[in-house]
Amino acid sequence: MLIHNRSEKTLVFDQTSLDYELDGQHIATALFTLPQLKIPPHTSMPWTFLFPKGSYVRCDSYAGGTLSWTNAHQIK
């Protein structure tokens with residue numbers, strides 16, 4: 001995915017919850033803490049998120065559907 005930081009602060013993934021959806025269907029949710037991933041203000045960066053086993057539902061086929069990430073937020 002491509003992460004866009006449009007804010008004035010450095011984006012850090014510290015107990016950040018990510019939801020993964022495919023064609024509007026919820027596929028996975030997981031918490032990510034990635035100290036090495038720091039995205040400066042007004043910067044975009046590619047990154048791969050691997051959801052742990054048990055955090056997702058099986059999706060047998062992907063035929064070019066619409067992929068989206070929603071509800072990225074930090075848990076404090």
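Predicted model: local features only at pLDDT ≥ 70, side-chain atom pairs only at ≥ 80, totals over all residues.
View 1. The ring of F32 pairs with that of F51. F32 sits in strand β3, whereas F51 belongs to the loop between β4 and β5. The two residues are 19 apart in sequence, so the pair ties together separate parts of the chain.

**View 2. F51 and its tilted partner, Y20.** F51 is also a buried residue, at 16% relative accessible area. Y20 and F51 form a further aromatic pair. Here the centres are 6.1 Å apart. The planes are 35 degrees from each other, and the pair is tilted. Y20 comes from strand β2, and F51 from the loop between β4 and β5. This pair links distant parts of the chain, 31 residues apart.

**View 3. The aromatic cluster.** The whole structure holds four aromatic pairs. Ring pairs join F13, Y20, F32, F49 and F51 into a cluster.

**View 4. The largest nonpolar core.** This core has 13 residues. F13, F32, L37, F49 and F51 touch the most other members. Strands β2 (11-22) and β3 (25-39) each contribute at least two core residues. The most come from β3, which supplies seven.

**View 5. The surroundings of F13.** Neighbours within four places in sequence are left out here. Beyond them, F13 contacts I3, L18, F32, T33, L34, L37, I39 and F49. F13 is one of the core residues that touch the most other members. The ring of F13 also belongs to the aromatic cluster.

**View 6. The β2-β3 hairpin.** Strands β2 and β3 run antiparallel, paired over 10 bridges. Two residues separate the strands in this hairpin. In the turn, D23 has a positive phi of about 50 degrees. Further along the pairing, Y20 has A28 of β3 as its bridge partner.

**View 7. S55 in the loop between β4 and β5.** S55 lies in this loop. At 16% relative accessibility, S55 is buried. A polar atom of the S55 side chain lies 2.6 Å from the backbone oxygen of P52. With residues up to four places away in sequence set aside, S55 touches I27, A28, T29 and A30. Of these, A28 is the bridge partner of Y20.

View 8. Strand β1 covers residues 2-5. One face is covered and carries I3 and N5. The other is uncovered and carries L2 and H4. I3 is among the contacts of F13. Strands β1 and β4 pair in the antiparallel sense, over four bridges.

**View 9. Confidence along the chain.** The mean pLDDT of the protein is 79. A score of at least 70 is reached by 75% of the residues. Confidence is highest in strand β4 (residues 43-46), with a mean of 93. Confidence is lowest in strand β5 (residues 67-74), where the mean is 50.

Technical notes:
Residues numbered from 1 in each chain as written. Heavy atoms only, no water. Core = buried A, V, L, I, M, F, W, Y, C linked by side-chain atoms within 4.5 Å. Buried < 20%, exposed > 50% of the residue type's maximum accessible area, 1.4 Å probe, protein only. Contact = heavy atoms within 4.5 Å. pLDDT = per-residue confidence, 0-100. Phe/Tyr/Trp six-rings, centres within 6.5 Å; stacked < 30°, edge-to-face > 60°. Pairing = 2+ DSSP bridges. Polar contact = N/O pair within 3.5 Å; in protein donor to acceptor, adjacent residues only side chain to side chain.
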